[in-house]
Amino acid sequence: MVKKATQTKEKSAEVAPYLPEKKRLPKASDLLGNEIRAMILEQGLLPGAALPSESELIDSHQYSRGTVREALRLLEAEGYISVQRGPKGGITVRYPTVDLVSKSLATMLTIDLSPLSDLFDFRKLIEPAAAELAAKNATDEQVEQLLAISDYSIPERGSITFHNVLSESTGNEMFRVILAAVNRVVEWQTSLEGVPEREVMHAGDAHAAIAKAISLRQGSRASTLMLQHIQSYEKIMAERGRLSEATLPRELWIAQLRRSVHS
Ligand SMILES: [Zn+2]
């Protein structure tokens with residue numbers, strides 16, 4: 001009898017009808033958060049502009065103090081507002097920075113253990129295209145900047161700064177924002193990895209060549225040089241057997257997060 005009962009139960013579990021997920025009712029704090037976001041956009045408020053105070057928000061929206069505080073904490077964490085406490089304090093508008101995006105992205109890449117080869121495959125597709133766009137769209141000032149930061153006299157000429165200026169020089173907001181996040185992951189990855197000095201020098205030479213092609217407005221040459229630059233770093237990682245491993249060495253990344261808590 002007991003056995004039969006179990007069987008029946010198992011069977012009914014097997015054929016359990018599909019039930020749609022229960023829709024979560026939006027929380028009051030989420031609704032207020034959206035209202036404040038909409039207000040910032042609608043009024044075209046710039047960073048630094050003052051927003052209503054906590055008590056004004058309570059009065060005008062009829063939300064509890066707890067709800068208003070939760071909404072403000074949420075917006076603060078998302079980088080939309082800055083809250084200064086104390087008598088001279090107040091709530092001001094901020095714009096979310098790329099830093100917030102890139103930190104979340106890097107954390108995601110660490111948690112889901114996506115392999116380093118994913119990062120290279122992505123970069124090999126997108127960065128040559130960015131270099132080509134930069135050759136077309138960079139302002140004269142940006143060209144000067146690219147040449148200056150890859151100059152032989154600059155110790156950091158092999159650093160990620162070059163890639164950041166290049167993505168800004170594409171004149172395309174999608175490239176700028178997405179690449180800023182990707183570049184941050186690359187920066188963390190290379191610094192955690194411990195890339196030898198001579199490779200950094202090599203990267204500096206590659207940056208100088210790409211900057212020159214961009215200054216001559218040679219898009220396809222800039223693109224080819226960028227691809228070669230990424231491939232040469234990919235080769236080093238392949239030799240270390242790193243490509244199939246997680247993008248950021250997990251233990252090192254955890255240590256890095258702990259350090260940043262204190263800095
Ligand atoms: Zn580089």
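Q: In S3, what is the bridge partner of Val-83?
A: Ile-91 is the bridge partner of Val-83 in S3. Strands here are DSSP runs of E with at least two residues, and helices are runs of H or I with at least four, both numbered from the N terminus.

Q: Is that an experimental model or a predicted one?
A: This is a predicted model: local features need pLDDT of at least 70, side-chain atom pairs count only at pLDDT 80 or more, and totals for chains, interfaces and linings use all residues. Residues are numbered from 1 along each chain as its sequence is written.

Q: How many bridges link S2 and S3?
A: Four, and the two strands pair in the antiparallel sense. Pairing takes at least two DSSP bridges between two strands.

Q: Which residue takes a positive phi in the hairpin of S2 and S3?
A: Gly-86, with phi near 95°. That hairpin has five residues between the strands.

Q: What stands opposite Leu-51 in S3?
A: Ile-91 stands there. S1 and S3 (residues 90-93) are antiparallel too, paired over two bridges.

Q: What is the strand order in the sheet?
A: S1-S3-S2, an open sheet of three strands with antiparallel pairing. S1 (50-51) and S2 (81-84) are at the edges with a single partner strand each, so one side of each has no neighbour in the sheet.

Q: Which helix packs on the sheet?
A: H4 (residues 65-77), which touches S2 and S3. Its direction makes about 120° with that of S2. Axes are lines fitted to C-alpha atoms, for helices over the stretch in contact, and angles run from 0 to 180 degrees between N-to-C directions.

Q: Switching to helices. How do the axes of H7 and H8 cross?
A: At roughly 170°, and the axes come within 10 Å. That makes H7 roughly antiparallel to H8 (an angle over 145 degrees). H7 covers residues 140-149 and H8 covers 161-168.

Q: Which residues in H7 meet H8?
A: Gln-142, Gln-145, Leu-146 and Ile-149. On the H8 side are Thr-161, Phe-162, Val-165, Leu-166 and Glu-168. Contact means C-beta atoms, placed from the backbone, within 7 Å.

Q: And the whole chain: how many helices and strands?
A: There are 12 helices and three strands.

Methods: Two residues are in contact if their C-beta atoms, placed from the backbone, lie within 7 Å. Angles under 35 degrees count as roughly parallel, over 145 as roughly antiparallel, 65 to 115 as roughly perpendicular and the rest as oblique.
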